[in-house]
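Dear colleague,

Please find below the structure that I am handing over to you. I would be grateful if you could read the notes after it with the model open beside them.

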Amino acid sequence: MTSKVEINNPSKNKMARVMVVDDEKDILRIIKRDLEITNEFQVEVFSSGHDALNSFRNHELGYYDVIITDIRMPRMNGFELYRHIKEMRPNTKIAFITAFEINKDEFTKVLPSIDVKDFIIKPIDMNDLIFKIKSMLTT
């Protein structure tokens, strides 16, 4: 991961609120630091799907602009978290972090509602992650 990122933010009034869920606390710490240093994102991190889901439930509609979740986590994986969130608020923007290669054809058979473009491959390049979040915010 890179630690310095240069971003041009035309709207400094409102930072996008991003939820990041990963059971690896070092990854959470780095993502939070590197996203917040841009002054464009307010980042809340969770090390479990259950904690993230509880936070999501306890906030009003639209509180989180984007959710980024790891797929492989103990107790509640990223796909389960996705399913719960989409049942409550179908328009929520969610992307997945994975260390594994994604086969589009096989993946689409198993989870047709999730687009492969919604994946961020580890190791995470912060410039790519920022680009991904910004593109999610504009769609």
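The notes that follow cover confidence, the sheet, the helices and some details of the backbone.

This is a predicted model, in which local features need pLDDT of at least 70, side-chain atom pairs count only at pLDDT 80 or more, and totals for chains, interfaces and linings use all residues. Residues are numbered from 1 along each chain as its sequence is written, and side-chain values use heavy atoms, with hydrogens and water left out.

**Confidence**

pLDDT is the predictor's confidence in each residue, from 0 to 100. The protein chain has a mean pLDDT of 85, and 78% of its residues reach 70 or more. Over residues 1-12 pLDDT stays under 50, and the model has 24 contacts beyond four places in sequence for this stretch. Contact here means heavy atoms within 4.5 Å.

**The sheet**

Helices (H or I, at least four residues) and strands (E, at least two) are DSSP runs, numbered from the N terminus. Two strands pair if DSSP finds at least two bridges between them. The model contains an open sheet of 5 strands, ordered β2-β1-β3-β4-β5, with parallel pairing. Its edge strands, each pairing on one side only, are β2 (41-46) and β5 (119-121). On average, neighbouring strands of this sheet are turned by 20 degrees against each other, direction ignored. Within the sheet, β3 (residues 66-70) and β4 (residues 94-98) pair in the parallel sense over 4 bridges, and Ile67 stands opposite Ile94 in β4.

**Helices on the sheet and against each other**

For the angles below, axes are lines fitted to C-alpha atoms, for helices over the stretch in contact, and angles run from 0 to 180 degrees between N-to-C directions. Helix α2 (residues 49-57) lies across β1 (16-21), β2 and β3, and runs at about 150 degrees to β1. Helix α3 (residues 78-88) lies across β1, β3, β4 and β5, at about 175 degrees to β4.

These two helices also pack on each other: the axes of α2 and α3 are 10 Å apart, at an angle of about 10 degrees. α2 and α3 are therefore roughly parallel to each other; angles under 35 degrees count as roughly parallel, over 145 as roughly antiparallel, 65 to 115 as roughly perpendicular and the rest as oblique. In this contact, Gly49, Ala52, Leu53, Phe56 and Arg57 of α2 meet Leu81, His84, Ile85 and Met88 of α3. The residues of the contact of α2 with α3 comprise 6 nonpolar, 2 polar and 1 charged. Ala, Val, Leu, Ile, Met, Phe, Trp, Tyr, Cys and Pro count as nonpolar, Asp, Glu, Lys and Arg as charged, and the others, Gly among them, as polar.

Ile31, Asp34 and Leu35 of α1 make the contact with Met126, Leu129, Ile130 and Ile133 of α5. By class, this contact of α1 with α5 has 6 nonpolar, no polar and 1 charged residues.

**Backbone details**

Lys122 and Pro123 are joined by a cis peptide bond, with omega about 0 degrees; Pro123 lies in the loop between β5 and α5. Asn39, although not a glycine, has a positive phi of about 60 degrees, and is placed in the loop between α1 and β2. Arg75, in the loop between β3 and α3, is a residue other than glycine with a positive phi, near 65 degrees.

With kind regards
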